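Please keep the sequence and the structure at hand while reading.

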Amino acid sequence: MSGDTSVRLFCLPFEGASAGIYLPWAEALGTSVVVTPVELPGRGRHPRTRPCGRLEPLLAEIIPYVARMRDRPFALYGHGFGALLAYEIAARLEWEYDAVAERLYVSGAGVPYRPAPERSVAQLPDTELLRRLGERGRIPPGALDPLRAPRVLPALRADLAVREAYRRDPRHVVHCPVTAMGGSDDPSVTGADLAGWRLCTRRSLRVDTVPGDHYFPLTARWELLDTFSQDLMRPASRGGTRAPRQLGGGRARALTGSGPWAPAGGPGTGNKSCPASPASPSWPAEVTV
């Protein structure tokens with residue numbers, strides 16, 4: 001790939017969603033940023049597989065695919081639950097494949113942690129589950145649609161179960177810069193939540209405010225694409241110019257401190273409750289214009 005200055009951007013979906021939400025991004029970005037949505041079991045291109053409610057089998061399925069696709073410099077983006085996955089993938093690629101991302105983007109989420117029992121919602125009845133999520137402005141698209149809910153709710157419950165059982169290992173600190181993004185009208189994620197990502201990187205942390213509520217990736221697409229273009233396009237790709245669009249809401253910048261780096265064991269090998277998909281867990285290899 002001599003002379004190729006492109007960067008592959010792996011995109012992880014928010015809870016209950018299909019990675020297909022990122023396909024419009026590929027249509028808007030040129031070939032300099034190769035958008036690669038990573039699909040999860042039980043949705044999108046894998047509707048016949050069972051949504052996976054355990055972290056290690058889920059990562060054991062998707063990390064090998066991401067590793068195989070590292071044919072060029074890469075970055076990762078995840079929103080909500082996808083931020084947890086993007087962070088874990090970035091960390092494990094470092095210690096298992098000696099591969100460091102150009103940048104890790106985490107949006108709509110603070111540093112993942114195990115919530116108090118009274119805040120756990122994954123096992124609640126549908127009505128109560130949606131009520132509790134609605135109080136925080138986090139009902140995913142389709143969850144209230146009678147036609148789509150039978151597909152969305154099982155995936156949503158599985159993702160919530162993973163998040164609620166998750167316990168971050170403080171030793172897992174990535175060696176790439178991190179950008180943490182929050183919606184200006186998102187009541188569920190504060191500036192302090194975003195700033196907490198400084199614990200997860202040895203490099204710099206940048207906190208961006210994006211116009212919109214929790215699901216701003218669906219409504220503020222151009223602001224996000226401008227960020228990716230500014231950060232990831234190499235000079236040869238930009239042609240010496242910078243994109244004219246600017247983020248709304250301003251930016252705050254902070255530098256992270258250092259932390260110990262002692263990787264723990266790698267991901268598990270999966271189990272029968274989270275069967276591997278018969279096809280690749282992602283969309284086509286290169287979704288570009």
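Strand S1, which spans residues 7-12, contains arginine 8. The model discussed here is predicted, and in it the relative accessibility of arginine 8 is 0%, so this residue counts as buried, the cut-off being under 20%.

Two polar contacts of the arginine 8 side chain can be described. One, at 2.9 Å, links it with the side chain of threonine 36, while the other runs from the arginine 8 side chain to the backbone oxygen of methionine 69 at a distance of 3.1 Å.

## The pairing of H2 and H3

Helix H2 covers residues 55-68 and helix H3 covers residues 81-97, and their axes come within 10 Å of each other, crossing at roughly 65°. The crossing of these two helices is right-handed.

On the H2 side, the residues that meet H3 are Leu55, Glu56, Leu58, Leu59, Ile62, Ile63, Pro64, Val66 and Ala67, and their counterparts in H3 are Phe81, Leu84, Leu85, Glu88, Ile89, Arg92, Leu93 and Tyr97. Sorted by class, the contact between H2 and H3 comprises 14 nonpolar and three charged residues, with no polar ones.

## Cysteines and disulfides

A disulfide is a covalent bond that joins the sulfur atoms of two cysteines. The structure holds zero disulfides.

Cysteine 176 has a relative accessible area of 0% and is therefore buried, since the cut-off is under 20%. Cysteine 200 is likewise buried, with a relative accessible area of 0%.

Methods:
Residues numbered from 1 in each chain as written. Predicted model: local features only at pLDDT ≥ 70, side-chain atom pairs only at ≥ 80, totals over all residues. Heavy atoms only, no water. Axes fitted to C-alpha atoms, helices over the stretch in contact; angles between N-to-C directions. Helix = DSSP H or I, 4+ residues; strand = E, 2+ residues; numbered from the N terminus. Left-handed = near helix turned anticlockwise from the far one by under 90°. Contact = heavy atoms within 4.5 Å. Nonpolar A, V, L, I, M, F, W, Y, C, P; charged D, E, K, R; others polar. Disulfide = S-S within 2.5 Å. Buried < 20%, exposed > 50% of the residue type's maximum accessible area, 1.4 Å probe, protein only. Polar contact = N/O pair within 3.5 Å; in protein donor to acceptor, adjacent residues only side chain to side chain.
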